Amino acid sequence: MSPFSKQTTEPDKVRVRLYRFDPAVDRTPRYEAYEVPHTPRMRIMDVLNYVHENMAVDFGYRWLCSAKKCGTCAVNVNGSPKLACWEEAELEMTIEPLSGMQVIRDLVTSRDAFEALLATLSPTLVRKAEYRGFPEPLTAIQLAPTAHLRDCIQCLACQSVCPVLKQPDSGFAGPALLVALSELAQDPRDGGDRARLAGEVAQVFKCVSCYECERVCPVDIPIVGEAIEPLKRLVYQAGVVPGARHARAFLDVVKARGYLNAAVLALKTKGLTLNALRLALRLVPRGKIDLGKAFLKRGAPGAKVISKTYESSEEVK
Ligand code: SF4
Ligand code: SF4
Ligand code: FES
């Protein structure tokens, strides 16, 4: 074949293993294998439709818009979340429900836990001033910080990969809920107590900034930078939760001394408690805490420059 001629042979089939589980009748999940005729530009959804229409009429999956708008068709394909209606089919696929979700049947997962938590976050505008009719007096500059957040289709792909949500009873709301909350918190019309909701209810400081959620978001929302960090800043400024106290103390200590002094950080975050004293007594002999350094307010070389850098960055904000 000439190196310039195009490969024209289309693969003739797709091999797919589908997760099957009906909690009402099955004790454990199983996988069923199917071979589906391949067609050009075939989407994952086309494969699921073919199986449902020709091979397994009882197979459960979900979709609505077929156009990357409703977020209902997200499934795990070969271990990674994908929108079935939008992504191209691979020739070999194992398709499972999104991880960490309760299965209703086969690929259909329950959204109840997500919707219930969303309801606790006052997910609509709490207006500072009475609505005066359309058009609202908003400028493009006021709307810019939430422009990407408004693209969220609540597919929950990000929730399914968040490592913090995988911890039992983490109490963390997860990235999709933080996107919804941040959109409201950054809306100039909103007067809701978003700092308290983000800090206490959504527990935003549990986010470890691993960026897994951004990696899988099908609409490329900068979740950490444009949703989570603004919420952390809001909670930090309001100082409503211990996580915020820790962040504030961290900055204060580095700003004052030019380095992180663990003893002073613990003292500022937790206060002088019996447990803190016990911990300190264990850490001093191991050299983890230098008492001289901790309580003599000595700065590191260059501390003044660090302090000035902090002050100028605060002025920019
Ligand atoms: S942030 Fe992205 S991944 Fe998460 S729910 Fe919204 S669209 Fe889906
Ligand atoms: S960046 Fe935060 S919210 Fe996103 S996956 Fe990591 S821990 Fe979860
Ligand atoms: S069916 Fe609506 S996003 Fe896929």
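For what follows, Ala, Val, Leu, Ile, Met, Phe, Trp, Tyr, Cys and Pro count as nonpolar, Asp, Glu, Lys and Arg as charged, and the others, Gly among them, as polar.

This is a predicted model: local features need pLDDT of at least 70, side-chain atom pairs count only at pLDDT 80 or more, and totals for chains, interfaces and linings use all residues. Residues are numbered from 1 along each chain as its sequence is written, while chains are lettered from A and ligands numbered from 1 in the order in which they are written.

Confidence, then. pLDDT is the predictor's confidence in each residue, from 0 to 100. The chain average is 88, and 87% of the residues score at least 70. Over residues 1–5 the value stays under 50, and there the model has zero contacts beyond four places in sequence. A contact means two C-beta atoms, placed from the backbone, within 7 Å.

Now the chain as a whole. It has 13 helices and seven strands; these are DSSP runs numbered from the N terminus, with helices being H or I of at least four residues and strands E of at least two. Of contacts between residues at least 6 apart in sequence, 63% join residues at least 24 apart. Of the 317 residues, 26% are buried, that is, with 20 or more other C-beta atoms, placed from the backbone, within 10 Å of their own.

On to the ligands. A residue belongs to a shell if its C-beta atom, placed from the backbone, lies within 6 Å of the molecule. Ligand 1 is surrounded by 15 residues, the closest being Cys 152, Cys 155, Cys 158, Ala 176 and Cys 217. Helix 4 (157–161) and helix 5 (175–185) each give two or more residues to that shell, and helix 5 gives the most, with three. By class, the shell has 13 nonpolar, two polar and no charged residues.

Ligand 2 has 13 residues around it, with Cys 162, Pro 175, Cys 207, Cys 210 and Cys 213 the closest. Here the elements giving two or more are helix 7 (212–216) and helix 8 (223–238). This shell divides into eleven nonpolar, one polar and one charged.

Last, helix 8. Its 16 residues should span 22 Å at 1.5 Å a residue, and its end C-alpha atoms are 22 Å apart, which agrees; the expected span is 1.5 Å times one less than the number of residues. Its buried residues include Ile 223, Ala 227, Leu 231 and Val 235. An α-helix has 3.6 residues a turn, so residues three or four places apart point the same way. After helix 8 comes Gly 239, with a positive phi near 60 degrees.

Terms used
A residue is buried if 20 or more other C-beta atoms lie within 10 Å of its own, exposed if 12 or fewer, and partly exposed in between; C-beta atoms are placed from the backbone.
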